[in-house]
Amino acid sequence: MNSESTKTALVTGANSGIGFEAAAQLAEDGWGKVILACRSEAKGDDARAKLEARTGKDCFEVLAVDTSEVASANAASDQLRGRGDTIDFLLLNAGATATQPHFNADGVEITWASTLVGHHVMTMRLLADGVLSPDARIVITGSEGARGNMPGLDVHDIDNVAADSFGGDRVAAIDALAHIKGPYDFVFMNEYVTAKVVVAWWAAALARKLPGGMTVNAVSPGSVINTGFARNMPAMMRLVMMPMMKVIGPLMNMAGPIEPAARRYLDAAGFGDDVTGNFFATARKNKAVGKMGIQTWPEYFTDQDSQEVGFDAVVKMTGVPFPAQVQIVARSAA
Ligand SMILES: NC(=O)c1ccc[n+]([C@@H]2O[C@H](COP(=O)([O-])OP(=O)(O)OC[C@H]3O[C@@H](n4cnc5c(N)ncnc54)[C@H](OP(=O)(O)O)[C@@H]3O)[C@@H](O)[C@H]2O)c1
């Protein structure tokens, strides 16, 4: 992208880790405006100062949003519409984990809510309000662990939960899991990887609903050790396992640096119109860094019924459906 670009990107979770790095790379690549969507104005202002210092660019703006709350996502969407922004790249990167269950105002557990609730609400609102450009690229952050083959991370068996407790209704099963009302004890990393399966389904189903020209993909940045992601983990994991991973992770292609992780998002922003509805993660099945590729394994990622179920479950969690009418705005000048 050239330095004259007027294209606008919005990055959630831009004050830390991979979101911060992505915001920096977008500015360095010449994006005209990069909106730092952070939990509070103070965090956004702090990130803006650091990003300006790193990049030498003054293209950053701040937007406060708590991505786990419907009301906050609505308020942030109101602000964007009021500012007259047109977003070309919507990067839904924010995500949190917590070792003990915490819940949003609607009873959705925070691991699920932070990655699904506000991101869904904002996307629906921006579509309805004509804030996305006609060739917008939407990327939502997935996880390597959603594939169910990372040691110690178990994806909940949604089909079994539906069959055993909800008469086969998988939307109800996902909604119960997100409220920690399923049959599983709360294990935060299992909640995390199951929520990220729903992220991939959400993106695939949304791709079929978007107007032609817009795309959406779920993209795992790969495994990165030096982010804030571990801050809420138990002491044993933070103080013993994570430092160990820093040493052996790169040797085993199970963890890597932050720059290529963020670069995956920017690569996805450049995909053509025909690349949509996919879940991208590390191409090699049992690795967590390196070249990314479309995930067709396990089969649940490509099953259309499951994808629609995932989308419908997020609609149920938020009470916000796909808009009856999508407004298409004129494309921002190149
Ligand atoms: N690190 C990895 O190995 C890895 C691997 C696969 C996927 N991911 C995903 O990558 C994304 C970024 O994670 P990271 O590793 O860069 O971790 P990080 O440094 O902790 O960054 C997470 C960002 O999300 C924000 N966030 C979390 N909950 C939020 C909420 N309710 N409202 C607003 N912002 C919220 C955080 O804001 P605060 O500072 O205010 O909490 C922070 O800016 C996440 O979706 C994560 O699941 C990470």
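Reply: Arg208 and Glu308 pair through their side chains in a salt bridge, 3.0 Å from N to O. A salt bridge here is a side-chain nitrogen of Lys or Arg within 4 Å of a carboxyl oxygen of Asp or Glu. This pair links distant parts of the chain: Arg208 sits in helix H7 (residues 188-209) and Glu308 in helix H10 (residues 304-318), 100 residues apart. Helices are DSSP runs of H or I with at least four residues, numbered from the N terminus. Arg208 is partly exposed, at 40% relative accessible area. Glu308 is partly exposed too, at 23%. Buried means under 20% relative accessible area, exposed over 50%, and partly exposed in between (1.4 Å probe, protein chains only).

Shared partners also occur: salt bridges join Lys33, Glu61, Arg83 and Asp85 into one network.

Two further pairs are buried. Asp129 bridges to Arg125, with the closest N and O atoms 2.8 Å apart, and both residues are buried. Glu144 meets Arg147 at 2.8 Å, N to O; these two residues are buried as well.

The whole structure holds 18 salt bridges. The protein carries 29 positive and 37 negative side chains, counting Lys and Arg as positive and Asp and Glu as negative, without His or the chain ends.

The model is predicted: local features need pLDDT of at least 70, side-chain atom pairs count only at pLDDT 80 or more, and totals for chains, interfaces and linings use all residues. Residues are numbered from 1 along each chain as its sequence is written, and side-chain values use heavy atoms, leaving out hydrogens and water.

Terms used. The place of a charge is taken as NZ of Lys, CZ of Arg, CG of Asp or CD of Glu. Helices (H or I, at least four residues) and strands (E, at least two) are DSSP runs, numbered from the N terminus.
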